[in-house]
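Me: I would like to go through this model and ask what each label rests on. Please set the values against the cut-offs.

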Amino acid sequence: MSGNRTLTIVKPDAFGAGKAGKIIAHLETAGFRVVAARVMQLSTAQAQEFYGVHRERPFFGSLVSFMTSGSCMPLVLERADAVAELRTVIGATDPAEAAAGTVRKLYAESKERNAIHASDSDENASRESRFFFAESEIL
Ligand code: CMP
């Protein structure tokens, strides 16, 4: 995994509302290429592990409930400077603070139900991509 790849998840709020296609089109228009994708429903254990860094935060239980509440769509994306570019394209965690035209401004409901996840470093992009995909599933 190079600095040209990152991991995103179309979260259950956006996937359940039928917004996955529009979000992926938005990302492709921003220059990202999909190199891995799947539709799945996270188990509680998977959500707890994926968001383990937030285990002590007051919103952890609610976040795990939300992320296991329905189908989601993890994807590995490729473009130059992928981690930083994706975080710019999706906008701030809280859609109320997200810049106009960002994915979260357009599609998110709240700070928790915020439509999309993006890795915050190359190291986490690599770790999070391996969490969802075998090497052979990333093209
Ligand atoms: P994400 O980028 O996936 O990383 C951690 C997630 O926790 C975040 O998006 C939100 O869904 C959620 N989150 C972060 N901060 C809060 C908060 N203060 N209250 C509720 N949920 C939060």
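Reply: One cut-off comes first: a polar contact is a pair of N or O atoms within 3.5 Å, and within protein one must be able to donate a hydrogen and the other to accept it. Note also that this is a predicted model.

Me: What makes the pair formed by the side chains of Ser119 and Glu128 a polar contact?

Reply: The cut-off is 3.5 Å. The side chains of Ser119 and Glu128 make their contact at 2.7 Å, so the pair falls within the limit.

Me: Why is Ser119 called buried?

Reply: Buried means under 20% relative accessible area. Ser119 has 0% relative accessibility, so the label applies. Ser119 sits in the loop between S4 and helix H7 (122–132).

Me: Which residues is Ser119 in contact with, leaving aside its neighbours within four places in sequence?

Reply: Contact means heavy atoms within 4.5 Å. By that test Ser119 touches Thr6, Leu7, Val83, Arg87, Asn124, Ala125 and Glu128. Asn124, Ala125 and Glu128 are also among the buried residues of H7. The buried residues of H7 pack against S1, helix H3 (44–50), S3, helix H5 (82–90) and S4.

Me: How do you know that S2 and strand S3 (residues 73–78) pair?

Reply: Pairing requires at least two bridges between the strands. S2 and S3 have 4 bridges, in the antiparallel sense, so they count as paired. Within this, Val34 stands opposite Leu77 in S3.

Me: Why are strand S2 (33–37) and strand S4 (116–118) at the edges?

Reply: The open sheet has 4 strands in the order S2-S3-S1-S4, with antiparallel pairing. S2 and S4 each have a single partner strand, so one side of each is left without a neighbour in the sheet. From one strand to the next, the twist averages 30°.

Me: Which helix lies across the strands?

Reply: Helix H2 (residues 20–29) lies across strand S1 (5–10), S2, S3 and S4. The angle of H2 to S3 is about 10°.

Conventions
Residues are numbered from 1 along each chain as its sequence is written. This is a predicted model: local features need pLDDT of at least 70, side-chain atom pairs count only at pLDDT 80 or more; totals for chains, interfaces and linings use all residues. Side-chain values use heavy atoms; hydrogens and water are left out. Helices (H or I, at least four residues) and strands (E, at least two) are DSSP runs, numbered from the N terminus. Axes are lines fitted to C-alpha atoms, for helices over the stretch in contact, and angles run from 0 to 180 degrees between N-to-C directions. Buried means under 20% relative accessible area, exposed over 50%, partly exposed in between (1.4 Å probe, protein chains only).
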